[in-house]
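Have the model open beside you as we go.

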Amino acid sequence: MISKKFYIQLILRVIILTIIAMLMAFTFFEGSYFFSALFLLVLAIQTGLIIKYLNYNNRKIAFFFNAIKNEDFTLRFSEKENVSSFNELNQSLNTLNATIQKIHLKNQSQEHYYREILKQAEIGILTFNNKGHIIFANPRIEKLLNYTPLNHIKQLAQVDKKLYKLFTNIKPFERKLYQLSNERETIELAIKSNEIVLNKEVLNLITIQDIHNELDKKETDSWIKLIRVLTHEIMNSVTPITSISESILNYYKNEDGILTAGQIDEDKINNTAKGLEVIKNQGNDLMSFVQSYRSFLNVPMPDKELISVNALLEKIKLLISQEIGFDVIVLELITPKENLEIYADEKLITQVLFNVSKNAIQALKDKKEAHLQLISGVSEKGKKYITVKDNGPGIQPEIMNQIFVPFYTTKNDGTGIGLSLSKQIMHLHGGSLTVHSIPNKETLFTLTFE
């Protein structure tokens, strides 16, 4: 009960109204019209007073709930009014207001806490309604998609049209893998969908993660491919050696055993010499292959020092100018105004840049208006980088994940260790070597330094 005194006063007023109404009726039937009119006037006054009494409290309660609705908890009612019944009511309303305020502040604190957790999460989180309006998007998802602020999923079409289509068609509890490419890098995303109900509204909850487990699986696949390549190369070299050795051996044996010197003619000697020549060549090829494998495994630890990037790129320009096909290429050095320096092993980084630039020159050999750019600078994350960019045929998506696999090559005369060795060198520097390619438009190999 809101107020005991209020309840008692209300009953007393109702009783008084009833008595006055009875007196008015009695005097009217007794013919005392004057007193009847007088009681009628008193009845009207009392009725107005009780209505005013009730309206005063109703307005107060309505004003109270309206303030609560608008989250205004500054409202307080006086607890020292002339009418004592109001004091108890006001005290109850003030207590209720304080309790609701306490609960509201607690909910706000919890909401702020959970939002901070979502902001710090390494997983991108996004919720949107059936009209596509984004209700919440944490900073991680804006970073992954390289777009901010996110207000509607139609904005994703500006990031990647296929990604936008995936978001509009993804079903609840569905999981998708998607490769997103931007100007700087290509990332593998694991996208999961779910449905939640908030305030009777169904929302789509999307989580996006830059996956590592899948990349670990790809790394395992890369080692499997490496083993296959090694097996293939070794078998290609050993099989002819085994076959020719067996043929030579048969020249000097028959059913009775090993031939005597008199049974060996000039043709057998000549064939033996030719076979041994082939065995020698195959052995040399196998040794060369093993040597390249050893060089891949025995990369020395970097002997780091401060290097001027501008001087380094001038050195690379001089080195690649001697390559076949360079004379028809337009080379451009794009560097910042201030002299950029990196802490690295100059010999090893020169090897990486030369290898990547040489590949670019070879890719541009049949290109009209061939352009090659060596670009250096500092990224938005504050990391220094050097990019080798060409406008050649590019790298097809189906082999993009294989180009860094040791001994994988698309060239007839290639060893397949150049890019894998270059990537290993960058890892030893604590940096990375990444590729971004749009076929027949541009290809960028970027060396990023910590």
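**What the labels rest on**

Phenylalanine 173 sits in the loop between helix H6 (161-169) and strand S3 (175-181). Please keep in mind that this is a predicted model.

Q: Why is phenylalanine 173 called exposed?
A: Exposed means over 50% relative accessible area. Phenylalanine 173 has 66% relative accessibility, so it counts as exposed.

Q: What is the phi value of phenylalanine 173?
A: Phi is near 65° there, a positive value in a residue other than glycine.

Q: How do you know whether asparagine 440 is buried or exposed?
A: Compare its value with the cut-offs: under 20% is buried, over 50% is exposed. Asparagine 440 has a relative accessible area of 60%, so it is exposed. Its place is in the loop between strand S13 (432-438) and strand S14 (442-449), and its phi, too, is positive, near 65°.

Q: Which residues does proline 149 join through a cis peptide bond, and where is proline 149?
A: The cis bond links threonine 148 and proline 149, with omega about -5°. Proline 149 lies in the loop between helix H4 (139-145) and helix H5 (156-159).

Q: Which members of the largest nonpolar core touch the most other members?
A: They are Leu353, Leu372 and Phe445, out of 39 residues. Helix H10 (residues 346-363) gives this core its largest share, seven residues.

Q: What does leucine 353 touch, leaving aside residues up to four places away in sequence?
A: Contact means heavy atoms within 4.5 Å. Among the partners of leucine 353 are Leu312, Ile316 and Val388.

Terms used: Residues are numbered from 1 along each chain as its sequence is written. This is a predicted model: local features need pLDDT of at least 70, side-chain atom pairs count only at pLDDT 80 or more; totals for chains, interfaces and linings use all residues. Side-chain values use heavy atoms; hydrogens and water are left out. A nonpolar core is a set of buried Ala, Val, Leu, Ile, Met, Phe, Trp, Tyr and Cys residues joined through side-chain atoms within 4.5 Å. Buried means under 20% relative accessible area, exposed over 50%, partly exposed in between (1.4 Å probe, protein chains only). Helices (H or I, at least four residues) and strands (E, at least two) are DSSP runs, numbered from the N terminus.
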